[in-house]
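User: Please take one part of this model and go over it closely, piece by piece. Define each term where it is used.

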Amino acid sequence: MTTSKVTGSVTTSHIAEAPTAFPGSSRVETVMGRPVSIDIRTPLPARELTPLLDDAFAWLRWVEDTFSPDKEDSQISRLNRGGTIKQVPELVEVLHRCEELSEATDGWFDARINGVTDPSGYVKGWALERLSRALVQAGAGDHRITAGNDVRVRGSAAPGRRWRVPVRDPRTGEVRRTVLAHDLGIATSGGSRVLDPHTGEVRDALGAVTVIGPDLGLADAYATAMYAMGPVQARRYATELAGKGPYETLIVLHDGQELTTPGFATYGGPRERLAG
(Lines give C-alpha, C1' and ligand atoms only; values in the text may rest on other atoms or scores of the structure.)
Protein backbone atom coordinates (compact mmCIF):
# COMPACT_ATOMS: atom_id res chain seq x y z
CA MET A 1 0.00 0.00 0.00
CA THR A 2 1.35 3.42 -0.95
CA THR A 3 0.15 6.85 0.12
CA SER A 4 1.02 10.07 -1.66
CA LYS A 5 -0.15 13.66 -1.47
CA VAL A 6 -2.28 15.14 -4.24
CA THR A 7 -3.33 18.79 -4.34
CA GLY A 8 -6.43 19.17 -2.18
CA SER A 9 -6.73 15.47 -1.44
CA VAL A 10 -5.05 12.35 -0.14
CA THR A 11 -4.59 9.52 -2.60
CA THR A 12 -4.47 5.92 -1.48
CA SER A 13 -3.81 3.31 -4.12
CA HIS A 14 -3.11 -0.39 -4.21
CA ILE A 15 -1.99 -2.59 -7.08
CA ALA A 16 -2.17 -6.33 -6.55
CA GLU A 17 1.23 -7.97 -7.02
CA ALA A 18 1.01 -11.34 -5.26
CA PRO A 19 0.19 -14.18 -7.69
CA THR A 20 -2.72 -15.29 -5.51
CA ALA A 21 -4.28 -11.81 -5.31
CA PHE A 22 -7.10 -10.80 -7.64
CA PRO A 23 -5.57 -8.53 -10.31
CA GLY A 24 -6.40 -4.88 -10.61
CA SER A 25 -5.95 -1.67 -8.72
CA SER A 26 -7.94 0.62 -6.43
CA ARG A 27 -7.56 4.22 -5.38
CA VAL A 28 -9.41 6.68 -3.12
CA GLU A 29 -9.25 10.45 -3.44
CA THR A 30 -11.30 13.30 -2.01
CA VAL A 31 -13.20 14.94 -4.86
CA MET A 32 -16.42 16.96 -4.83
CA GLY A 33 -16.21 17.15 -1.04
CA ARG A 34 -16.31 13.38 -0.46
CA PRO A 35 -14.11 10.30 -0.76
CA VAL A 36 -14.36 8.79 -4.23
CA SER A 37 -13.08 5.26 -4.78
CA ILE A 38 -12.31 3.51 -8.05
CA ASP A 39 -11.77 -0.24 -7.88
CA ILE A 40 -10.60 -1.85 -11.13
CA ARG A 41 -10.59 -5.66 -11.28
CA THR A 42 -9.58 -6.12 -14.92
CA PRO A 43 -6.13 -7.78 -15.04
CA LEU A 44 -4.16 -4.96 -16.63
CA PRO A 45 -0.45 -4.31 -15.98
CA ALA A 46 0.53 -1.65 -13.45
CA ARG A 47 2.02 0.50 -16.20
CA GLU A 48 -1.51 0.84 -17.63
CA LEU A 49 -3.51 0.97 -14.40
CA THR A 50 -1.63 3.86 -12.79
CA PRO A 51 -2.12 6.39 -15.63
CA LEU A 52 -5.68 5.16 -16.08
CA LEU A 53 -6.49 6.06 -12.47
CA ASP A 54 -4.59 9.35 -12.82
CA ASP A 55 -6.77 10.29 -15.79
CA ALA A 56 -9.94 9.16 -14.01
CA PHE A 57 -9.42 11.45 -11.03
CA ALA A 58 -8.25 14.29 -13.26
CA TRP A 59 -11.64 14.04 -15.02
CA LEU A 60 -13.53 14.16 -11.73
CA ARG A 61 -11.54 17.20 -10.55
CA TRP A 62 -12.33 18.91 -13.87
CA VAL A 63 -16.03 18.21 -13.32
CA GLU A 64 -15.80 19.71 -9.83
CA ASP A 65 -13.95 22.80 -11.10
CA THR A 66 -16.52 23.27 -13.87
CA PHE A 67 -19.83 22.51 -12.17
CA SER A 68 -19.44 23.22 -8.45
CA PRO A 69 -21.56 26.21 -7.35
CA ASP A 70 -19.24 26.53 -4.35
CA LYS A 71 -16.15 27.26 -6.46
CA GLU A 72 -15.99 30.95 -7.27
CA ASP A 73 -14.44 30.49 -10.71
CA SER A 74 -16.54 27.51 -11.86
CA GLN A 75 -18.71 27.89 -14.93
CA ILE A 76 -21.83 27.42 -12.81
CA SER A 77 -20.77 30.20 -10.41
CA ARG A 78 -20.04 32.48 -13.36
CA LEU A 79 -23.46 31.67 -14.79
CA ASN A 80 -25.14 32.53 -11.48
CA ARG A 81 -23.31 35.86 -11.34
CA GLY A 82 -24.34 36.67 -14.90
CA GLY A 83 -20.73 36.46 -16.04
CA THR A 84 -19.25 35.16 -19.25
CA ILE A 85 -19.06 31.39 -19.47
CA LYS A 86 -17.12 29.14 -21.81
CA GLN A 87 -19.04 27.18 -24.41
CA VAL A 88 -18.01 23.84 -22.90
CA PRO A 89 -19.84 20.95 -24.62
CA GLU A 90 -20.24 19.10 -21.33
CA LEU A 91 -21.80 22.16 -19.70
CA VAL A 92 -24.31 22.51 -22.51
CA GLU A 93 -25.06 18.77 -22.30
CA VAL A 94 -25.67 18.81 -18.54
CA LEU A 95 -27.88 21.91 -18.53
CA HIS A 96 -29.91 20.56 -21.45
CA ARG A 97 -30.39 17.20 -19.74
CA CYS A 98 -31.47 18.96 -16.53
CA GLU A 99 -34.17 20.76 -18.48
CA GLU A 100 -35.37 17.44 -19.90
CA LEU A 101 -35.41 15.90 -16.42
CA SER A 102 -37.40 18.82 -15.05
CA GLU A 103 -40.05 18.18 -17.68
CA ALA A 104 -39.96 14.40 -17.10
CA THR A 105 -40.52 14.82 -13.35
CA ASP A 106 -43.18 17.56 -13.57
CA GLY A 107 -40.68 20.03 -12.15
CA TRP A 108 -39.70 17.97 -9.09
CA PHE A 109 -36.15 17.84 -10.36
CA ASP A 110 -34.96 21.32 -11.22
CA ALA A 111 -31.38 22.55 -11.52
CA ARG A 112 -32.52 26.15 -10.98
CA ILE A 113 -34.16 26.97 -7.64
CA ASN A 114 -34.65 30.45 -6.15
CA GLY A 115 -32.85 31.92 -9.15
CA VAL A 116 -29.69 29.85 -8.59
CA THR A 117 -28.46 27.17 -10.98
CA ASP A 118 -27.10 24.06 -9.26
CA PRO A 119 -27.03 20.80 -11.27
CA SER A 120 -25.50 18.82 -8.39
CA GLY A 121 -28.50 16.48 -8.22
CA TYR A 122 -27.55 15.18 -11.67
CA VAL A 123 -23.94 16.04 -12.37
CA LYS A 124 -22.28 13.68 -9.86
CA GLY A 125 -24.07 10.65 -11.23
CA TRP A 126 -23.48 11.89 -14.78
CA ALA A 127 -19.75 12.28 -14.13
CA LEU A 128 -19.41 8.77 -12.70
CA GLU A 129 -21.43 7.34 -15.59
CA ARG A 130 -19.16 9.07 -18.13
CA LEU A 131 -16.11 7.85 -16.27
CA SER A 132 -17.41 4.28 -16.19
CA ARG A 133 -17.91 4.29 -19.95
CA ALA A 134 -14.41 5.71 -20.45
CA LEU A 135 -12.92 2.91 -18.33
CA VAL A 136 -14.69 0.33 -20.49
CA GLN A 137 -13.29 1.94 -23.64
CA ALA A 138 -9.81 1.88 -22.07
CA GLY A 139 -10.09 -1.87 -21.49
CA ALA A 140 -10.95 -1.78 -17.77
CA GLY A 141 -14.42 -3.27 -18.04
CA ASP A 142 -14.50 -4.75 -14.53
CA HIS A 143 -14.80 -1.88 -12.06
CA ARG A 144 -16.72 -0.23 -9.28
CA ILE A 145 -16.85 3.55 -8.74
CA THR A 146 -18.24 4.88 -5.46
CA ALA A 147 -18.86 8.53 -4.53
CA GLY A 148 -20.90 8.96 -1.38
CA ASN A 149 -24.26 7.32 -2.02
CA ASP A 150 -23.73 6.94 -5.76
CA VAL A 151 -22.23 3.70 -7.09
CA ARG A 152 -21.54 2.47 -10.65
CA VAL A 153 -20.53 -1.13 -11.24
CA ARG A 154 -19.59 -2.94 -14.46
CA GLY A 155 -18.27 -6.36 -15.29
CA SER A 156 -17.34 -8.70 -12.45
CA ALA A 157 -15.90 -8.38 -8.97
CA ALA A 158 -14.15 -11.71 -9.64
CA PRO A 159 -14.50 -14.20 -12.50
CA GLY A 160 -18.19 -15.09 -12.72
CA ARG A 161 -19.10 -13.12 -9.59
CA ARG A 162 -21.40 -10.12 -9.49
CA TRP A 163 -20.58 -7.01 -7.51
CA ARG A 164 -22.19 -6.84 -4.06
CA VAL A 165 -23.23 -3.27 -3.25
CA PRO A 166 -24.72 -2.48 0.17
CA VAL A 167 -27.48 0.15 0.00
CA ARG A 168 -27.04 2.14 3.19
CA ASP A 169 -29.44 4.46 4.95
CA PRO A 170 -27.74 7.84 4.40
CA ARG A 171 -28.72 9.00 7.88
CA THR A 172 -27.86 5.99 10.01
CA GLY A 173 -25.47 4.01 7.86
CA GLU A 174 -27.65 0.92 8.26
CA VAL A 175 -27.52 -1.50 5.33
CA ARG A 176 -31.04 -1.64 3.92
CA ARG A 177 -30.40 -3.95 0.97
CA THR A 178 -27.54 -5.63 -0.84
CA VAL A 179 -27.68 -5.18 -4.60
CA LEU A 180 -26.02 -7.82 -6.80
CA ALA A 181 -25.21 -6.78 -10.36
CA HIS A 182 -22.76 -6.89 -13.24
CA ASP A 183 -23.85 -3.59 -14.82
CA LEU A 184 -25.86 -1.07 -12.80
CA GLY A 185 -26.03 2.46 -11.42
CA ILE A 186 -27.22 2.88 -7.82
CA ALA A 187 -28.12 6.32 -6.45
CA THR A 188 -29.47 7.19 -2.99
CA SER A 189 -30.93 10.55 -1.99
CA GLY A 190 -31.49 11.69 1.57
CA GLY A 191 -28.02 12.25 2.94
CA SER A 192 -27.75 15.83 1.68
CA ARG A 193 -30.19 18.72 1.74
CA VAL A 194 -32.88 18.53 -0.93
CA LEU A 195 -35.06 21.52 -1.80
CA ASP A 196 -38.63 21.57 -3.04
CA PRO A 197 -38.20 23.17 -6.48
CA HIS A 198 -41.67 24.70 -6.27
CA THR A 199 -41.20 26.48 -2.94
CA GLY A 200 -37.43 26.56 -2.40
CA GLU A 201 -37.90 25.03 1.05
CA VAL A 202 -35.97 22.06 2.45
CA ARG A 203 -37.79 18.74 2.11
CA ASP A 204 -37.60 16.09 4.82
CA ALA A 205 -40.70 13.95 4.31
CA LEU A 206 -38.81 10.73 3.54
CA GLY A 207 -35.96 8.79 5.07
CA ALA A 208 -34.26 7.95 1.77
CA VAL A 209 -34.88 7.09 -1.87
CA THR A 210 -32.67 4.70 -3.85
CA VAL A 211 -33.00 4.33 -7.61
CA ILE A 212 -31.19 1.67 -9.64
CA GLY A 213 -30.87 1.51 -13.41
CA PRO A 214 -28.55 1.55 -16.43
CA ASP A 215 -27.60 5.27 -16.28
CA LEU A 216 -26.34 6.60 -12.95
CA GLY A 217 -26.96 10.24 -13.87
CA LEU A 218 -30.65 9.58 -14.50
CA ALA A 219 -30.92 7.39 -11.39
CA ASP A 220 -29.38 10.22 -9.35
CA ALA A 221 -31.85 12.78 -10.68
CA TYR A 222 -34.86 10.48 -10.23
CA ALA A 223 -33.86 9.78 -6.62
CA THR A 224 -33.51 13.51 -5.92
CA ALA A 225 -36.89 14.26 -7.51
CA MET A 226 -38.74 11.55 -5.58
CA TYR A 227 -37.18 12.60 -2.30
CA ALA A 228 -38.49 16.12 -2.96
CA MET A 229 -41.96 14.79 -3.79
CA GLY A 230 -42.63 13.20 -0.45
CA PRO A 231 -44.13 9.75 0.25
CA VAL A 232 -47.44 9.83 -1.66
CA GLN A 233 -46.22 11.31 -4.93
CA ALA A 234 -42.91 9.44 -4.74
CA ARG A 235 -44.68 6.08 -4.55
CA ARG A 236 -46.86 6.96 -7.50
CA TYR A 237 -43.94 8.25 -9.58
CA ALA A 238 -41.75 5.22 -8.73
CA THR A 239 -44.48 2.88 -9.94
CA GLU A 240 -44.92 4.86 -13.16
CA LEU A 241 -41.16 5.01 -13.73
CA ALA A 242 -40.77 1.25 -13.30
CA GLY A 243 -43.65 0.65 -15.69
CA LYS A 244 -41.97 2.70 -18.42
CA GLY A 245 -38.45 1.33 -18.27
CA PRO A 246 -35.51 -0.19 -16.41
CA TYR A 247 -35.42 2.04 -13.30
CA GLU A 248 -36.47 0.51 -9.98
CA THR A 249 -36.90 2.27 -6.65
CA LEU A 250 -36.53 1.63 -2.92
CA ILE A 251 -38.29 4.16 -0.66
CA VAL A 252 -37.51 4.31 3.06
CA LEU A 253 -40.09 6.10 5.21
CA HIS A 254 -39.22 7.93 8.42
CA ASP A 255 -40.57 5.04 10.48
CA GLY A 256 -38.14 2.67 8.76
CA GLN A 257 -40.71 1.01 6.51
CA GLU A 258 -39.25 -0.01 3.14
CA LEU A 259 -41.22 0.00 -0.10
CA THR A 260 -39.92 -1.15 -3.48
CA THR A 261 -41.04 -1.45 -7.04
CA PRO A 262 -41.30 -5.12 -8.11
CA GLY A 263 -38.14 -5.21 -10.24
CA PHE A 264 -35.91 -4.16 -7.35
CA ALA A 265 -36.19 -7.68 -5.96
CA THR A 266 -34.36 -9.13 -8.98
CA TYR A 267 -31.16 -7.56 -7.64
CA GLY A 268 -31.58 -8.89 -4.11
CA GLY A 269 -34.06 -10.35 -1.62
CA PRO A 270 -37.73 -9.35 -2.04
CA ARG A 271 -39.52 -7.39 0.66
CA GLU A 272 -42.67 -5.26 0.73
CA ARG A 273 -43.54 -3.81 -2.66
CA LEU A 274 -45.20 -0.57 -3.64
CA ALA A 275 -48.95 -0.67 -4.02
CA GLY A 276 -50.14 -0.22 -7.56
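Analyst: Helix axes here are lines fitted to C-alpha atoms over the stretch in contact, and angles between N-to-C directions run from 0 to 180 degrees. The model is predicted, so local features need pLDDT of at least 70 and side-chain atom pairs pLDDT 80 or more, while totals for chains, interfaces and linings use all residues. Residues are numbered from 1 along each chain as its sequence is written, and side-chain values use heavy atoms, without hydrogens or water.

The part to follow is helix α4, residues 120-137 (helices are DSSP runs of H or I with at least four residues, strands runs of E with at least two, numbered from the N terminus). Its axis lies 11 Å from that of α1, and the two helices pack at about 155°. That angle makes α1 roughly antiparallel to α4 (over 145 degrees; under 35 is roughly parallel, 65 to 115 roughly perpendicular, the rest oblique). On the α1 side the contact (heavy atoms within 4.5 Å) is made by Leu-52, Ala-56, Trp-59, Leu-60, Val-63 and Phe-67. α4 answers with Val-123, Trp-126, Ala-127, Leu-128, Arg-130, Leu-131 and Leu-135. Sorted by class, twelve of these residues are nonpolar, none is polar and one is charged (Ala, Val, Leu, Ile, Met, Phe, Trp, Tyr, Cys and Pro are nonpolar, Asp, Glu, Lys and Arg charged, the others, Gly among them, polar).

α4 also meets α3, residues 89-104: their axes come within 11 Å and cross at roughly 125°. That makes α3 oblique to α4. Glu-90, Glu-93, Val-94, Arg-97, Cys-98 and Leu-101 of α3 touch Tyr-122, Val-123, Trp-126 and Arg-130 of α4. Six nonpolar and four charged residues, with no polar ones, make up this contact. Val-123, Trp-126 and Arg-130 take part here and in the contact with α1.

The largest pocket holds about 1,000 Å³ (a pocket is an open set of points on a 1 Å grid, with protein on both sides within 12 Å along at least five of seven lines; lining residues have an atom within 4 Å of a point; volume is the space filled by probe spheres on the points, which are joined across faces, edges and corners). Of its 37 lining residues, Asp-118, Ser-120, Gly-121, Ser-192 and Arg-193 are closest to the centre. Two or more lining residues come from each of α1 (46-67), β5 (112-113), α4, β11 (183-189) and α5 (216-229). α4 gives the most, four residues. The lining has 14 nonpolar, 13 polar and ten charged residues.

β11 leads on to the second largest pocket, where β7 (143-147), β9 (163-168) and β11 give two or more lining residues each. The space there is about 150 Å³. β9 contributes the most, with four residues. Among the lining residues are Val-167, Arg-168 and Thr-188. Five of the lining residues are nonpolar, four polar and two charged.

Val-167, Arg-168 and Thr-188 also line the largest cavity, together with Asp-169, Pro-170, Arg-176, Ala-208, Thr-210, Leu-250 and Val-252. A cavity is a set of points where a 1.4 Å probe fits but cannot get out, and one of 30 Å³ or more is counted. β9, β12 (208-213) and β13 (248-252) each supply at least two lining residues. Five of the cavity's lining residues are nonpolar, two polar and three charged.
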